[in-house]
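Trainee: I have a model open and would like to learn how to read it. Could you walk me through it feature by feature?

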Amino acid sequence: MAPHVLDDLEARHLLAHSTDRDALRADLAAGPLTYYVGFDPSAPSLHIGNLLQLLTARRLQLAGHKPLILVGGSTGLIGDPKEAGERAMNSKETVAGWVERIRTQVSRFVDLSGEGAARVVNNLDWTADLSTVDFLRDIGKHFPVNRMLDRQVVSTRLEAGISYTEFSYVLLQSMDYLELHRRYGCVLQTGGSDQWGNITAGVELVRRADGTRVHALATPLITKSDGTKFGKTETGTVWLDADLTSPYAFYQSWIQAEDTKVGEYLRQFTFLGLDAIAALEEEHARVPGARTAQRRLASEVTTLVHGENEARAAEQASAALFGGAELSDLPQSTVRAALVEAGLTEMDAGVTVVDALVGSGLVDSRSAARRAVQDGGAYVNNDRVTDPDSRLSAGPLLYGSLAVLRRGKRSIAGVEIIGSGRPIKAL
């Protein structure tokens, strides 16, 4: 017998908050219920934090429930208040374009066919023609101002100032729950714990407006071991769009998961069974240097987001760049994307290995570059360099222009040869 979906979510450390847990458990067990999770188009792509919500929606769908995935064409025009200050508003045309891109993204993570088919909805459908008077009469009357002032993000912003636009965001988001409840019988909203105030405001609005008890649950904020938000790298946000974060860079962001966190991420971001995850944790504890758990995590999540072929290519590229496979077996696009992520510098043809090592940033001086060569720790395209004065144009380049420089086992950079002898610019 399959475990109750709440038990599975709890075992995977995916339950931070919920409304009446016993009532939610009973309603989930009673038969298929309709639930929703929403995403505002504040960028042209979703990111790793959003991925957790999509996978949670998928887990509930696999347990037999019916998802509504809301893309906020209306709420995205305003933006959820930030503690740091007023959001810059994007144009209606920009938001509309992002809505369509995100609609395509979210559709990959839930099943849009069959008896429990997911539905993608846009809250602009019920707000575009809504008059201000009707909004204030039908929605605003249910929101006591003193309760709104008590919200942390509002109280934090009061001294510096908060616009009425951002102040009223919670009314719009809450209205989503009421509309989805009336249109589709939605009785559960899920989201991140940072949205708990907005989510419970929607629960309260449904109770006040329709006299109906509905549910909410929130996943925890995913963090690194130092408490900082997970999903950011040195190069910025890890996006789900391959044009913004290449599959190789996406794969690498998971490979770099901390030893103390990799088991947690396996539970939260993959569909591996809990026994299989426990076995990976045991193997990792025995041989942490092999990074078996991180490699499995990276493979599973990259496959979920970018597909099996891209995951395999990223895995092969990761191995090849560090000498574990043939670089020439990889597609040019994969190698170039990997080198851009590592740091790709344009240089003129004929540059010496020493100057290339310095110009790429792998070493900080020509003397250090010469020592690296003399010590046997400098490589070009995985071949050990023995002559520090050899020139990149003298040997074979990948695809006629690319060279992978490596110092030691783990430090790499890329060079793209463009013309005749000195570093030009970093890409």
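Mentor: Gladly. Let's begin with a loop residue: Arg291 is found in the loop between helix H14 (274-286) and helix H15 (292-306). Helices (H or I, at least four residues) and strands (E, at least two) are DSSP runs, numbered from the N terminus. This is a predicted model, in which local features need pLDDT of at least 70, side-chain atom pairs count only at pLDDT 80 or more, and totals for chains, interfaces and linings use all residues. Residues are numbered from 1 along each chain as its sequence is written, and side-chain values use heavy atoms, with hydrogens and water left out.

Trainee: Let's turn to helices. How do I read the buried side of one?

Mentor: Start from the geometry: an α-helix has 3.6 residues a turn, so residues three or four places apart point the same way. In helix H17 (residues 332-342), the buried residues are Thr334, Val335, Ala338 and Leu339. Seen down the axis of H17, they fall within an arc of 125 degrees, so they line one face of the helix. The arc is that of the directions from the helix axis to the C-beta atoms.

Trainee: What covers the buried residues of H17, and what follows H17?

Mentor: The cover includes helix H12 (247-255) and helix H16 (308-321), along with strands S9 (344-347), S12 (402-407) and S13 (411-417). After H17 comes Gly343, whose phi is positive, near 120 degrees.

Trainee: Which residues does Leu339 contact?

Mentor: Contact means heavy atoms within 4.5 Å. Leaving aside neighbours within four places in sequence, Leu339 is in contact with Leu321, Leu344, Leu402, Ala403, Val404, Ala413 and Gly414. Leu339 has 0% relative accessibility and counts as buried.

Trainee: Now a strand: where does Val37 lie, and what does it touch?

Mentor: Val37 lies in strand S2 (residues 34-39) and is buried, with a relative accessible area of 2%. Not counting residues up to four places away in sequence, Val37 touches Gln53, Ala57, Leu68, Ile69, Leu70 and Thr190. Its C-alpha is separated by 11 Å from that of Gln173, 136 residues apart along the chain.

Trainee: How many residues does the largest nonpolar core have?

Mentor: A nonpolar core is a set of buried Ala, Val, Leu, Ile, Met, Phe, Trp, Tyr and Cys residues joined through side-chain atoms within 4.5 Å. The largest one has 86 residues, and those with the most contacts inside it are Leu51, Val106, Trp254 and Phe269. Helix H10 (residues 169-184) gives the largest share of this core, 8 residues. A second, separate core of 22 residues includes Val354, Val373, Leu392 and Ile417.

Trainee: What does Phe269 touch?

Mentor: Among its contacts beyond four places in sequence are Ile48, Leu51, Leu52, Leu55, Trp254 and Leu304.

Trainee: And the protein as a whole?

Mentor: There are 19 helices and 14 strands, and 49% of the 427 residues count as buried. The C-alpha trace spans about 80 × 50 × 40 Å along its principal axes. Among contacts between residues at least 6 apart in sequence, 74% join residues at least 24 apart.

Terms used: Buried means under 20% relative accessible area, exposed over 50%, partly exposed in between (1.4 Å probe, protein chains only).
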